[in-house]
Structure formats: C-alpha cells, structure tokens
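My entries follow in the order in which I made them.

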Amino acid sequence: MMPLKMNEMWTTMGSTLASFMFVWAIIRQYCPYEVSRFFEKYTHRIMGYFYPYIRISFHEYLGDRLKRSEAYAAVEAYLSANTSKSAKRLKAEMGKDSSNLVLTMDEYERVTDEYEGMKVWWVSSKVMSPTRSPMSYYQEQEKRFYKLSFHKKYRDMITGCYLEHVMREGKEIRLRNRQRKLYTNGPGYKWPSYKQTMWSHIVFEHPATFDTMALEPERKKEIIEDLVTFSKSKDFYARIGKAWKRGYLLYGPPGTGKSTMIAAMANLLAYDVYDLELTAVKDNTELRKLLIETTSKSIIVIEDIDCSLDLTGQRKKKADKLSDDENEKDVIGRKEGKEEGSSGSKVTLSGLLNFIDGIWSACGGERLIVFTTNYVEKLDPALIRRGRMDKHIELSYCSFDGFKVLANNYLKLETHPLFDTIKRLIGEIKITPADVAENLMPKSPLDDAHKCLSNLIEALEEAAAAAKAEELRQISPIKEQADEMEHKSCIKENGELHGDKETDQVVEKLDSIKQNGQLRGDKETDQAMNQSQR
Ligand SMILES: Nc1ncnc2c1ncn2[C@@H]1O[C@H](COP(=O)(O)OP(=O)(O)OP(=O)(O)O)[C@@H](O)[C@H]1O
Ligand SMILES: [Mg+2]
C-alpha cells in the first residue's frame with residue numbers, strides 16, 4: 001500500500017513540476033526580459049525562506065566582461081580533475097602537448113563533491129543576456145557560471161576551507177595542464193562576438209630553446225639569468241612599487257634569430273605568446289582592450305616595430321606641420337603613401353607608449369613585452385627608453401661560437417678538421433646564423449658532416465669573393481673622381497682654382513684613398529665621397 005502512495009506522490013510532483021516548467025517557459029518566452037527577471041528575483045527570495053541550502057555562483061566574466069574570472073577558471077580545472085568520473089556529460093579538449101584529453105563538465109551537468117565529510121553539489125550552467133552594444137549583430141550573449149550548493153550548517157567550513165582548497169588545487173591543475181598558447185589579433189575577429197575575446201589562438205609548439213640558439217655562451221647566460229630573475233621577482237617588483245613587467249628590444253639584421261629568441265624565451269619561462277599585429281588594431285581603445293585581455297605569464301610581441309607602423313621620427317616630422325593640439329594625437333597608423341581609411345590603423349605613438357607602461361599595463365603582471373626591429377636607429381627614442389624597453393639585445397652576424405652551436409645542432413659535431421678554415425672565414429665575412437644553418441642542413445640522404453661543412457666553406461668563400469668584387473666596384477668610381485680631383489688640384493697649384501679649406505680636405509682624402517688603392521669603408525671616406533660628388 002505504502003509504495004503505491006509514494007509512487008502516486010512522485011507522479012503528482014512530477015506532473016506539477018512539469019506544468020510549472022511549461023508555464024515558466026511560456027512566461028519566459030512571451031514576457032519581456034525585465035518581467036521574467038522580476039519573477040525570477042522574487043521566486044528566489046521566497047525559496048530562500050524555506051530552502052536550507054546556500055548557493056554560490058562563479059561567473060566566467062565579471063563586471064564589464066573585460067577579463068575571464070580566475071576563480072571560474074580554477075573551479076573549472078578543479079572540477080575537471082575531481083568530478084570527471086562522476087559526471088555523465090563531459091566536454092573533451094586536448095591537454096598539454098596534445099598527448100592527453102582533458103575532460104570538463106558539460107553545460108547543465110551536476111556533480112557531487114565531498115570534503116571532510118561534507119557533501120556539496122556543483123552545477124555548470126549558462127544564461128543568455130542581452131549585449132550592451134547597440135551595434136552588435138548578436139543580440140544575446142552567453143554568460144556561463146558554476147553554482148555551488150551546500151547545506152547552511154556547513155557555511156563557515158565551505159566558505160573558508162573548502163573554497164580555499166578548490167582554488168589552490170584548481171590553480172595547480174591549471175598550471176600542470178596548461179597548454180601554452182600562441183595568440184594573435186587578426187582582422188578576422190568580431191567584437192563583441194560570442195567568443196568574447198579579441199584574440200584567436202593556437203597551441204604554441206615552437207621547438208627553439210636557448211640551447212639551440214647560436215649565441216656567444218656569456219651573452220646567452222646573461223639573457224637567461226635576466227629572464228629567470230624577472231620571473232621570480234614578484235615580491236621585488238611589489239616592494240619597489242613597479243608593475244611586474246619587463247620590456248626587451250631585440251634588434252639586428254634579418255635572419256639573426258630575433259623571432260627564434262622570442263620562442264626560446266617562451267619555452268624557457270613556460271609563457272604564452274601574444275603576437276600583436278599592430279596594423280590590424282583599429283585605434284588606441286582597441287589596443288587597450290587587447291592588452292587587458294592578455295593573461296599573466298605571457299610575452300606580448302610586436303615584430304618589426306619599425307615597419308608595422310610609421311613610428312620613425314613621427315613626432316619630429318609632425319611638430320613642423322601640425323599645431324600642438326594635432327601633434328598630441330600623433331597619428332602613426334599610416335605608412336607613407338597609404339591613405340588612412342577603413343583598413344588604416346589609427347594607433348598613435350602615445351597610445352603605444354601607454355600600452356607599454358600606462359596604468360593599464362600593470363594589470364595581470366608577470367609579462368614581457370618584446371619588440372623586434374631591423375633598424376633600431378629609426379625608432380623614436382621615447383619608445384625604447386629604459387623603463388619601456390628595459391633590455392636591449394643586439395643579435396648580429398654569426399660568430400665562431402655561434403657556428404659551433406649550429407654545428408652541434410645540425411650535425412652533432414663538437415669538432416672537425418674543417419673547423420679551423422671556417423673559423424678563419426667566419427671572422428672575415430658577415431654571415432647570418434640563418435645562412436649558416438641553411439648551409440649546414442643536409443640536402444640529400446647521402447650528405448654527411450664533411451659535405452655539409454664543405455658547403456658552408458664554399459658559401460663563405462663565395463661571399464668573400466662577392467664582398468671583394470663589391471669593394472672594387474666601390475673603389476673604381478672613387479679612383480676616377482680622385483683622378484679628376486688630382487687634375488683640379490694641379491690647376492689649383494697653378495693658381496687657377498680658388499680653393500677653400502673643404503676642397504683641400506677632400507683632395508687629401510682622395511689622395512690617401514688612391515695611395516692605399518682600396519676603400520676603407522669608414523664614415524669619413526663616405527663623407528669624402530659625398531663631398532666629391534657635390
Ligand atoms: N641565433 C640563431 N640561432 C639558431 N638559429 C638561428 C639563429 N638565427 C637564425 N636562426 C635560424 O634562422 C631562421 C630565421 O631566424 P629568425 O626568424 O629568428 O630571424 P629574425 O632575426 O627574426 O629575422 P627577421 O628580422 O627577418 O624577422 C630560424 O628558423 C632559425 O632556424
Ligand atoms: Mg623575425
């Protein structure tokens with residue numbers, strides 16, 4: 001008799017609940033958003049009087065949705081590790097090194113967790129809410145959150161110890177499972193879109209390390225120590241009242257390892273990389289949004305800063321033309337000849353300076369900002385002053401030490417009889433590590449170390465011959481000019497030319513060039529050439 005009554009009760013409850021849900025669905029569908037919110041609010045209040053359970057929500061985005069909540073991310077990680085066995089619907093994503101799958105609770109899934117004899121329930125959920133922007137195509141945005149429920153008698157224990165335990169474990173799991181990412185801002189994203197972020201990313205898998213970089217050992221050591229010290233200096237930066245970030249300027253000719261060094265830095269410190277394409281940034285506001293969305297433990301990279309925007313001498317040029325007010329704006333988003341249009345960036349130098357060390361740049365902490373350039377002298381001094389770009393690293397042509405690292409990488413060679421020849425040639429010829437690396441690369445399965453080294457020697461000798469030819473080419477017109485000047489000086493001696501001091505200097509200079517029979521290639525000689533051409 002009893003079981004029948006229970007059954008009836010469950011059936012009645014079930015159908016009442018179903019009717020309620022049905023009516024609720026109709027209310028939600030036909031009532032304006034505000035009305036349904038009103039109902040929801042008061043239902044919660046009434047329930048609160050009778051309901052013995054406490055609920056805590058962890059929303060993915062708080063406030064104005066600028067940044068993903070760390071608490072949400074920690075809960076997500078904690079639940080993925082602790083409850084994936086009990087949840088019935090899971091989401092799967094590739095974990096670290098793409099070698100294992102990480103499972104997280106799917107939406108509206110509910111799981112139970114136990115902590116020191118207390119039972120709690122977690123539900124993953126989402127609500128749709130209208131976007132704020134009137135321009136947005138998407139009228140509604142997903143707001144995801146986790147809800148924790150527990151009996152009110154455990155209030156102190158849960159809000160104290162349990163939540164601390166969840167946050168601590170969640171953060172550790174996140175660090176362990178962290179798949180490092182390479183982010184980019186491209187013209188492809190929509191803001192605000194359902195993705196809620198301005199960056200797109202792929203998994204960062206660059207194999208470069210400082211071990212494989214062709215660099216003098218002392219410089220390598222110095223850079224590594226600088227980076228490691230930075231990553232451990234949280235307290236130091238707090239004590240001196242400075243934001244925990246550091247700027248690096250990498251400069252040098254193409255193919256000398258600037259981009260490779262960024263990858264090596266990221267691998268050394270296990271940081272994410274944000275590769276910022278400045279020309280795709282609409283204006284300073286967008287630049288700031290991008291900055292806010294970067295996470296800590298990351299490197300923000302702006303490659304080829306000299307050509308991504310026209311930063312060169314902008315202020316000086318503009319000072320001549322614009323009024324003070326206009327000069328303030330300091331528009332740098334146009335390359336010469338390119339009209340500012342819908343695709344043109346309106347990022348200004350002051351916007352970029354603020355990006356690097358403005359008040360907003362302090363949010364997040366533990367970030368490196370790296371600029372690369374081939375022409376350091378073209379950059380505005382304000383951009384690269386210490387404090388913005390704290391460490392300037394010049395990457396130059398390959399030295400013999402650099403070659404030895406590459407020989408070890410590519411050919412597994414510590415020493416070889418051909419090394420002496422290479423040492424002599426590499427001291428005389430400017431060759432980039434990229435060119436050395438290319439020559440050391442076996443071109444067929446039959447190529448052994450000797451063949452690869454011979455290839456390099458051949459390339460070095462060719463480069464030496466080309467340099468010599470170029471030198472001669474440069475000398476011959478000077479020789480002609482020298483002859484001409486000699487002729488003039490003869491005239492002068494004869495009292496026909498009203499020579500001045502400058503001319504005397506040029507003549508002397510050219511004489512010395514002629515006597516040496518070679519071009520010294522120094523600044524003075526260049527000046528002499530220019531003067532003689534005038
Ligand atoms: N110092 C180096 N150590 C090891 N490999 C290097 C080094 N420099 C260059 N290379 C090799 O040359 C290639 C090109 O180097 P990389 O892209 O880092 O040059 P870059 O300085 O960034 O050039 P660019 O100024 O054109 O961007 C790399 O793939 C790498 O294999
Ligand atoms: Mg590069």
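I began with strand E11 (residues 298-302), which pairs with E12 in the parallel sense over five bridges; strands here are DSSP runs of at least two residues and helices are H or I runs of at least four, numbered from the N terminus, and two strands pair if DSSP finds at least two bridges between them. In this pairing Val301 stands opposite Val370 in E12.

I note that this is a predicted model, in which local features need pLDDT of at least 70 and side-chain atom pairs count only at pLDDT 80 or more, while totals for chains, interfaces and linings use all residues. Residues are numbered from 1 along each chain as its sequence is written, and chains are lettered from A and ligands numbered from 1 in the order in which they are written.

I then looked up strand E9 (residues 245-251), which is also joined to E12 in the parallel sense, over seven bridges, with Phe371 in E12 as the bridge partner of Leu249.

Next I traced the whole open sheet, whose seven strands come in the order E8-E7-E10-E11-E12-E9-E13 with mixed pairing. Its edge strands, each pairing on one side only, are E8 (200-203) and E13 (391-394). At the E8 end, strand E7 (residues 181-184) runs antiparallel to E8 and is joined to it by four bridges, and Thr184 stands opposite Ser200.

Is E12 enclosed or open to the outside? Seven of the seven residues of E12 are buried, so the strand is largely enclosed by the rest of the structure; buried means 20 or more other C-beta atoms within 10 Å of a residue's own, exposed 12 or fewer, and partly exposed in between, with C-beta atoms placed from the backbone. Both faces are covered, with Arg367, Ile369, Phe371 and Thr373 on one side and Leu368, Val370 and Thr372 on the other.

Last, I checked Gly365, in the loop between helix H12 (349-357) and strand E12 (367-373). Gly365 is partly exposed, because 14 other C-beta atoms lie within 10 Å. Gly365 and Ser298 are 67 residues apart in sequence and 9.0 Å apart in space, C-alpha to C-alpha.
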